[in-house]
Amino acid sequence: MRQLGVADPGRQLPEVHAHLARGEKIKAIAAYRRATGADLRTAKAAVEALAGRR
């Protein structure tokens, strides 16, 4: 996520991680955007990076 210019929030986003655990990628992206204020492209890339570490 560093290459995206986004600080890795790690476990500071429990709602995002909860959605990912349930396989709800779109809801995870929305939750990431609400929590960080990121744009859609950045949030999608960040959530995909988080999902890849699972």
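**Reading the helices**

Reader: In which helix is the place of Arg33?

Author: Arg33 belongs to helix α2, where helices (H or I, at least four residues) and strands (E, at least two) are DSSP runs numbered from the N terminus. The structure is a predicted model, in which local features need pLDDT of at least 70 and side-chain atom pairs count only at pLDDT 80 or more, whereas totals for chains, interfaces and linings use all residues. Residues are numbered from 1 along each chain as its sequence is written, and side-chain values use heavy atoms, leaving out hydrogens and water.

Reader: What makes Arg33 partly exposed?

Author: Its relative accessible area is 36%. Buried means under 20%, exposed over 50%, and partly exposed in between (1.4 Å probe, protein chains only), so Arg33 is partly exposed. Beyond its neighbours within four places in sequence, Arg33 is in contact (heavy atoms within 4.5 Å) with Ala38, Asp39, Leu40 and Ala43. The C-alpha atoms of Arg33 and Val47 are separated by 9.9 Å.

Reader: Why does His19 count as buried?

Author: His19, found in helix α1, has a relative accessibility of 10% and therefore counts as buried. Neighbours within four places in sequence aside, His19 is in contact with Glu24, Lys27, Ala28 and Ala31.

Reader: Does Thr42 count as buried or exposed, and how is that known?

Author: Thr42 lies in helix α3. Because its relative accessibility is 17%, Thr42 counts as buried. Its C-alpha atom and that of Ile29, 13 residues apart along the chain, are separated by 9.4 Å.

Reader: How do you know that the buried residues of α1 line one face of the helix?

Author: Val16, His17, His19 and Leu20 are buried in α1. Down the helix axis, the buried residues of α1 fall within an arc of 160 degrees, so they line one face; the arc is that of the directions from the helix axis to the C-beta atoms. The exposed residues Pro14 and Ala21 are carried on the face turned away from the buried side. The buried residues of α1 pack against α2 and α3.

Reader: Why are α1 and α2 described as roughly antiparallel?

Author: Their packing angle is about 175 degrees, with the axes 8 Å apart. Axes are lines fitted to C-alpha atoms, for helices over the stretch in contact, and angles run from 0 to 180 degrees between N-to-C directions. Angles under 35 degrees count as roughly parallel, over 145 as roughly antiparallel, 65 to 115 as roughly perpendicular and the rest as oblique; α1 and α2 are therefore roughly antiparallel. Glu15, Val16, His19 and Leu20 of α1 make this contact with Lys27, Ala28, Ala31, Tyr32 and Arg34 of α2.

Reader: What makes up the largest nonpolar core?

Author: Twelve residues do: Leu13, Val16, Leu20, Ala28, Ile29, Ala31, Tyr32, Ala38, Ala43, Ala46, Val47 and Leu50. Helices α1 (14-21), α2 (25-36) and α3 (40-52) each supply at least two residues of this core. The term denotes a set of buried Ala, Val, Leu, Ile, Met, Phe, Trp, Tyr and Cys residues joined through side-chain atoms within 4.5 Å.

Reader: What pattern does the protein chain follow along its sequence?

Author: The pattern is α-α-α, and the secondary structure comes to three helices and zero strands. Of the 54 residues of the chain, 35% count as buried.
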